[in-house]
Amino acid sequence: MNADALVVVRPGLGATFQDDGRPGLARFGVPPGGAMDAHASACANRLLGNRPDAAVIEVLLQGARFEACREIAIAVTGADAQGNVPLWRRHVVGAGTSIEFPASRDGLWIYIAVEGGFDAPRYFGSASVYPRGRIGRPLTAGDVLKHIVSGPTSPRIDDGSTIQPRDYSHPPAIRIWRGPQWHLFEPADHHALLQQDWAVSPSSDRVGYRLDGPQLGARVAPIPSQPVLIGSIQIPPSGQPIVTMRDGPTVGGYPTIGLVDPEDLSWLAQCRPGMTVRFQSAE
Amino acid sequence: MTVSPYGPHAVLLRFADEPGEDALRRRLALIADIERHPPPGLIEYVPGFVTLLLRFDPSQSHQIARAGGEILERLASAVPKHLPDGPIKTIPVVYDGEDLTTLADAKALSPPDVVRLHSAPIYHVQLIGFSPGFPYLGELDPILHTPRRATPRVRVAAGSVAIGGEHTGIYSVDSPGGWHIIGRTHVRMFDEACAATAAAPADAFFLRPGDRVRFVPVEATKA
């Protein structure tokens, strides 16, 4: 059973269905996808008692607006875009209520879950939209989004309490592991990676986040294309690191100096362009 | 041959020093070995040109270095001297791509020469990447090796047959692309509709690692 949940009035800077992705298809050139901030996405579902892998809407920054088709419980987590819905808690909206995100203040990615989970199209078992690979499509104005009508599958958090929000303006030092080409870099590169400040570049998206800072690996040449895990810190000839994100290429020819710990990738994902991040060793 | 840790749940096996026929033999032997004897907890394997990624279930990733070492040991004793004769998948191509003449001119060849050189070999799928189902095919005749375009095209149509560096490939979805387009095929590397329905994900892809390919020139009406 499903029923109309929300209408997309406008998608703003971008809105897609996401869930926990489709890992296991990299050898066919399909990246794992999934919510950029897996923590916030999972929390939104948990607040409603949804399955952890229920489909949510991932919204980039500000501008998106939705309207409720009926009285319905929703949970909004992730970035703070000065919306009219309280964050990190279950919240019931009435039919016709507008849900909007006018001005981005903190973080990049907003997650909207509805009770039961969105009834989104699935590709290889996942609702995660991967526009560059022509798997699904972004939401557009006028889309009517349905939800699955069923009782919660796990206890929901409906006593008005919240999940502790994350302060995306002050991320912790992000834990990293040594990558397969760590040893090709000089000790000075290792030191700079772990000790210097790195600024998130404006040319960052679901494919990769570029980091501005000291130039690394001046003498390390490209390598024959090798498999790339999400979270990989690759060093192109410019010396400015690129962190592979969830829609990133499955193979690549830049040496990989490190790997962001899978648990910490959601912190990096919410870092806005211009923000400074630091790394620390996970080993 | 080495085993490098790649984060808490994966290792990267390096099975050859440089791409080429020896690397291809080793890669095919590794894939066959892993398909026959998947190590406990393996979630997926991903081939590169001279490397192979093994990614494990986080709850079972404590033995990954040993699993990688054992696989490489078996490889050392079992690399075949000849490439296996797997099935060959035929791909009809209309050689009328917009870069065919330019590429031929740059090599001091005629377009029919390029077609002959490109359609002569039986290619191996070296790896699949860039976009869903996009195959990197080799060995391409060295005469046809061509650096990628300085400025990639904003949109290359799915089915475009192209040359990039030392490889030839087939665009699997409409996407930006920097390879030189020499032809087109109606065969789809990635069936997007199938992604919504396929029981086995592999059914949505025309090629998989280890497959072989032959291009057959056809007239425009037949492709």
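1. The model is predicted. Its two chains, A and B, touch each other, and the contact takes 29 residues from chain A and 35 residues from chain B.

2. On the side of chain A that touches chain B, strand S10 (174-178) and strand S13 (226-227) of chain A each supply at least two residues. By residue class, this side of chain A comprises 17 nonpolar, seven polar and five charged residues.

3. Chain B is assigned domain 1 (2-78) and domain 2 (88-222). The C-alpha centres of these two domains of chain B lie 28 Å apart. Six residues from domain 1 of chain B and five residues from domain 2 of chain B make up their contact.

4. Which helix gives the largest share of the side of domain 1 of chain B that touches domain 2 of chain B? Helix H1 (residues 21-36) of chain B does, with three residues. This side of domain 1 of chain B has five nonpolar residues, one polar and no charged.

5. H1(B) also packs against helix H2 (residues 64-78) of chain B, at an angle of about 125° and with the axes 10 Å apart. The crossing of H1(B) and H2(B) is right-handed.

6. Among the residues where these helices meet are Leu30(B) and Ile34(B) in H1(B), and Ile71(B) and Leu75(B) in H2(B). The contact of H1(B) with H2(B) divides into six nonpolar, no polar and three charged residues.

Technical notes. Residues are numbered from 1 along each chain as its sequence is written. Chains are lettered from A and ligands numbered from 1 in the order in which they are written. This is a predicted model: local features need pLDDT of at least 70, side-chain atom pairs count only at pLDDT 80 or more; totals for chains, interfaces and linings use all residues. Two residues are in contact if their C-beta atoms, placed from the backbone, lie within 7 Å. Helices (H or I, at least four residues) and strands (E, at least two) are DSSP runs, numbered from the N terminus. Ala, Val, Leu, Ile, Met, Phe, Trp, Tyr, Cys and Pro count as nonpolar, Asp, Glu, Lys and Arg as charged, and the others, Gly among them, as polar. Domain bounds come from an automatic or database domain assignment. Axes are lines fitted to C-alpha atoms, for helices over the stretch in contact, and angles run from 0 to 180 degrees between N-to-C directions. A crossing is left-handed if the near helix is turned anticlockwise from the far one by less than a right angle, and right-handed if clockwise.
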